[in-house]
Amino acid sequence: MAGASPCVKYSMFVFNFVFLLCGILILSIAIWIRASKDGQGAINSGDNGANSHSSVNMLIAVGAITVVMSFLACYGALKENRCMLLLFFIGLFPILLMQLTAGILAAKLKPETQRALKATLRESAQLLSNNEEGRKFQKTMVTFQKEFKCCGLISGPADWGSNFEEAYESCKCSNPSDSCITYTGRYVYKQTCEPVIRASVSNHLDVVIGLSFGLAAVEVLGMVFSMILICQIEKR
């Protein structure tokens, strides 16, 4: 009897070979960062060393899983190996469920996340005028203001209180226009940083949602290919 359809077989192979290359790339970069001296210096610098280590470890896990799953699919498709294709299908199913869950949760919790972020930013605004507790946050805000051309968090330059002189250069509006206001006789950016931060978080959530559902659709396609191949192999 005829074997599996060449079209489905090689489509499955090419489809997963691309994922195999992506997995190898992710795994190689993550291992290099974890093992090299330069990489160690980068992830150990600053106050987020632990988080950086976790992120790199997660990348290694993602890369390893991608390589294994893609190899099973590629080899199973070329050799028409029912066992490997079945392992690929079974292994991909929980990953698909997790990604769909992540996408649904991100979409469902997006309004709540925005509300919590708004409340957090209102509390953080008080740190701009607090020299005892807010020094680190103030330095971060100065950099942020320079980059995104905004001033203050909630009430604009008034959020800085007596620290405004230190933050003035980052709030300074060089070309007076509709985007500027005057504060203590000087031009500063009219826009506060709160909407900029909220928009950035919203965009990142949209990316997470899009990737979750986009990858889920690709994985469903891979599962369909594998199941078609399994059925064709069984009919031989």
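This is a predicted model: local features need pLDDT of at least 70, side-chain atom pairs count only at pLDDT 80 or more; totals for chains, interfaces and linings use all residues.
Modeller: We can begin with the lining of the largest pocket, which by class has 16 nonpolar, seven polar and one charged residues.

Colleague: How does one find such a space, and what volume does the largest pocket have here?

Modeller: Rolling a probe the size of a water molecule over the atoms shows where empty space is left. In this model, the largest pocket holds about 760 Å³ of space. It is lined by 24 residues, and those closest to its centre are Val62, Thr66, Gln99, Leu215 and Glu219.

Colleague: Which elements give two or more residues to that lining, and which of them gives the largest share?

Modeller: The elements are α1 (6–35), α3 (49–79), α4 (82–125) and α7 (194–234), and the largest share, seven residues, comes from α7.

Colleague: Which residues does the UniProt record mark as "transmembrane region"?

Modeller: According to that unreviewed entry, the annotation covers residues 12–35, 55–78, 85–107 and 207–231.

Colleague: How should I read the packing of α5 and α6, and at what angle do they pack?

Modeller: Angles under 35 degrees count as roughly parallel. Helix α5 (residues 135–148) and helix α6 (residues 164–171) pack at about 25°, their axes being 8 Å apart, and they are therefore roughly parallel to each other. On the α5 side the contact is made by Arg135, Val142, Gln145 and Lys146, and on the α6 side by Glu166, Ala167, Ser170 and Cys171. By class, these contact residues divide into three nonpolar, two polar and three charged.

Colleague: Where is lysine 149 found, and what is its phi?

Modeller: Lysine 149 is found in the loop between α5 and α6, and its phi is near 55°, a positive value in a residue other than glycine. Threonine 184 also has a positive phi, near 50°, and is likewise a residue other than glycine; its place is in the loop between β1 (180–183) and β2 (186–189).

Terms used
Residues are numbered from 1 along each chain as its sequence is written. Side-chain values use heavy atoms; hydrogens and water are left out. On a 1 Å grid over the protein atoms alone, a cavity is a set of points where a 1.4 Å probe fits but cannot get out, and a pocket is an open set with protein on both sides within 12 Å along at least five of seven lines; lining residues have an atom within 4 Å of a point. Grid points are joined across faces, edges and corners, and a volume is the space filled by probe spheres set on the points. Helices (H or I, at least four residues) and strands (E, at least two) are DSSP runs, numbered from the N terminus. Ala, Val, Leu, Ile, Met, Phe, Trp, Tyr, Cys and Pro count as nonpolar, Asp, Glu, Lys and Arg as charged, and the others, Gly among them, as polar. Axes are lines fitted to C-alpha atoms, for helices over the stretch in contact, and angles run from 0 to 180 degrees between N-to-C directions. Angles under 35 degrees count as roughly parallel, over 145 as roughly antiparallel, 65 to 115 as roughly perpendicular and the rest as oblique. Contact means heavy atoms within 4.5 Å. UniProt positions are given in the numbering used here, feature names are shortened, and annotations may be inferred rather than shown by experiment.
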